[in-house]
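These are my notebook entries on one protein chain. I set down what I looked up, entry by entry.

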Amino acid sequence: MSSPQPEWLPELIALLGPSNVSTEEGTLAVHATDKWFASRTPEVVVFAENTAQVSALMKFATERRIPVTPRGSGVGYVGGCVPLQGGIALSLARMNKILELNIADGLAVVQPGVITGDLQDAARAQGWFYPPDPASLRECSLGGNIATNAGGPRCLKYGVTRHYVLGLEAVLADGTVLRAGGRCHKNKTGFDLIGLFVGSEGLLGIVTEITLRLIPHPPLRAMLGAGFANFAEAATAVQRILGSGHLPSALEISDRFTLQAARNYVGEGVPSGDAHLIVEVDGQPEAVPLEIENLRVLLTGLGALEVSTAVGDAECEKFWKLRREFSYSLRATGLTKLNEDIVVPRGRLVELVTFAELLQQESGFPVACFGHAGDGNIHVNIMVPDMNDPVQRERAEVALDRLFHQVLALGGAITGEHGIGIAKERWFPEAVGEGALSTHQRLKAALDPLGILNPGKFVKAG
């Protein structure tokens, strides 16, 4: 039996048009969740096509105090776009145009629904580069990347999403449209409003246009894959690579459970050993082969069981295809993957994985670790057979609590790129401290005093 439609629905349809408003059951279901397991069905889904519609919607919602939860492609891992209080789910998927690709200015102007990989392809066709590369780059939208300050393997050398945002347009809770930054690569005019919105997870405003910095595409890239007998040896190699003066564009590590899952899922091509490093370098054609050879010698001397190399985009993509399969390989085990994108100081990687092994013994759940070793952002995946089983769910919650407290004790952070959403809300106060928590709350209250933007998440108004 379907729920009764809200009394304000006819007015909303009159305001935005019937093609932009849906109460169809399947559409509501799609917009009830993301890749986490939480779900709440909205009353209505709105498909915005321009900034004016978003502004009109927010004025309408403010007048009637209707909750609005914005979303991009819905591929987040923390329930960030789950409409906890029902109301309106605002999809920005139709705002998917690359408005401008200006090589002279070194920038792109995009709408939030543009898929990250599509912008990379468009820039690459002109010899330019948009570096942030989350593993879901063929699915995730740039608006979602803005919401979580998304990263990816190349953050080590090139930085995260925030480092590429020159300007943005955002709609506030009351419908006000603001523009921050612009087209200049340097701009210190007023407060850093861009930084305020990047990573705000839809709690402060809705980003409707983004001006992104592009850089020249490196002429050549090359990669090494190295298998090690254990994680400690691979982590030692990370420190030695960086300590030897190399700055790879990416430096990825994976543990035994992850590799075994990949062997079961992918089959051939998964390297030997119980730990694995992927190292990518890029630069000028004269320099890259020399650096790859120096790294090969270094890793061999550090006890690598095998070292394979790849040169050029096509060969490198074979390495990355394997890396991107890790998450799907873990899902293929049939277990629920609680994907925690924690960060620790790079020198404490071995301590983290040692703790993960202890956590596996304590909880009885497999724990898989892989991720961005170069910046300490390791995805710790607690693998649970059935999160609908109350006993298993309680054990999983205990394991998560142990993990996050240990990460904070190591001087780490509870999220590096996925955000807080619902999944990490209860650890947020401890992670930021009393003063910062109060400041978050005051900012929320100032920009969304009625608490209608993405309500129920980790920062509440009032």
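**Entry 1**

I began with a definition: two strands pair if DSSP finds at least two bridges between them. I also noted that the model is a predicted one.

I looked up which residue of β6 is the bridge partner of E100. The bridge partner of E100 in β6 is V109. Strand β5 covers residues 98-102 and runs antiparallel to β6, to which four bridges join it. The two strands form a hairpin with four residues between them. In the turn, G106 has a positive phi of about 65 degrees.

I then stayed with V109, which has its place in strand β6, residues 107-110. Is V109 buried or exposed? Its relative accessible area is 7%, so V109 is buried, the cut-off being under 20%. Leaving out residues up to four places away in sequence, V109 touches K97, I98, L99, E100, R183, E209, I210 and T211. I also looked up E169, which is 60 residues from V109 along the chain; the C-alpha atoms of the two are separated by 11 Å.

**Entry 1. The β8–β9 hairpin**

I turned to another hairpin, formed by β8 and β9 with five residues between them. Strand β8 holds residues 165-171 and strand β9 holds residues 177-181; they pair in the antiparallel sense over five bridges. Which residue of β9 stands opposite A170? I found L178 there. G175, in the turn, has a positive phi of about 95 degrees.

**Entry 2. An open sheet**

I looked up the strand order of an open sheet of four strands and recorded β1-β2-β4-β3, with mixed pairing. Which strands stand at the edges of this sheet? They are β1 (21-22) and β3 (68-71). Each edge strand has a single partner strand, so one side of each is left without a neighbour in the sheet. Within the sheet, β2 (residues 44-47) and β4 (residues 88-91) run parallel and are joined by four bridges. F47 has S91 of β4 as its bridge partner.

**Entry 3. Two nonpolar cores**

I asked which residues touch the most other members of the largest nonpolar core. That core has 60 residues, and the answer is F228, I241, L277, L299, V380 and I382. A second, separate core has 27 residues, and it includes Y130, I146, V165 and I215.

Not counting residues up to four places away in sequence, V380 touches L338, N339, E340, I342, L352, V367, A368, C369 and L403.

E340 lies in strand β16, residues 336-343. Its relative accessibility is 5%, and E340 therefore counts as buried, with the limit set at under 20%. With neighbours within four places in sequence left aside, E340 is in contact with I378, H379, V380, L400, L403, F404 and K424.

**Entry 4. A buried proline**

P131 has its place in the loop between β7 (128-129) and α5 (142-148). At 0% relative accessibility, P131 counts as buried. What does P131 touch, not counting residues up to four places away in sequence? I recorded Q120, R154, Y158, Y164 and I215. H163 is 32 residues from P131 along the chain, and their C-alpha atoms are separated by 10.0 Å.

Most residues other than glycine have a negative phi. I therefore noted residues that depart from this.

E201 has a phi near 55 degrees, a positive value in a residue other than glycine. E201 lies in the loop between α7 (193-197) and β10 (206-213). With a relative accessible area of 11%, E201 is buried.

N454 is not a glycine either, and its phi is positive at about 45 degrees. N454 lies in the segment after α15 (434-447). Its relative accessible area is 1%, and N454 is buried.

**Entry 5. A surface patch**

Last, I looked up which residues make a nonpolar surface patch of about 260 Å². The patch is made by Y265, V266 and Y328. Y265 lies in helix α9, residues 256-266.

Note on methods
Residues are numbered from 1 along each chain as its sequence is written. This is a predicted model: local features need pLDDT of at least 70, side-chain atom pairs count only at pLDDT 80 or more; totals for chains, interfaces and linings use all residues. Side-chain values use heavy atoms; hydrogens and water are left out. Patches are made of residues with over 30% relative accessible area and no salt bridge: like charges are joined within 9 Å, nonpolar side chains (Val, Leu, Ile, Met, Phe, Trp, Tyr) within 5 Å. Accessible areas come from the Shrake-Rupley method with a 1.4 Å probe; for residues, only the protein chains shown count as cover. A salt bridge is a side-chain nitrogen of Lys or Arg within 4 Å of a carboxyl oxygen of Asp or Glu. A nonpolar core is a set of buried Ala, Val, Leu, Ile, Met, Phe, Trp, Tyr and Cys residues joined through side-chain atoms within 4.5 Å. Buried means under 20% relative accessible area, exposed over 50%, partly exposed in between (1.4 Å probe, protein chains only). Contact means heavy atoms within 4.5 Å.
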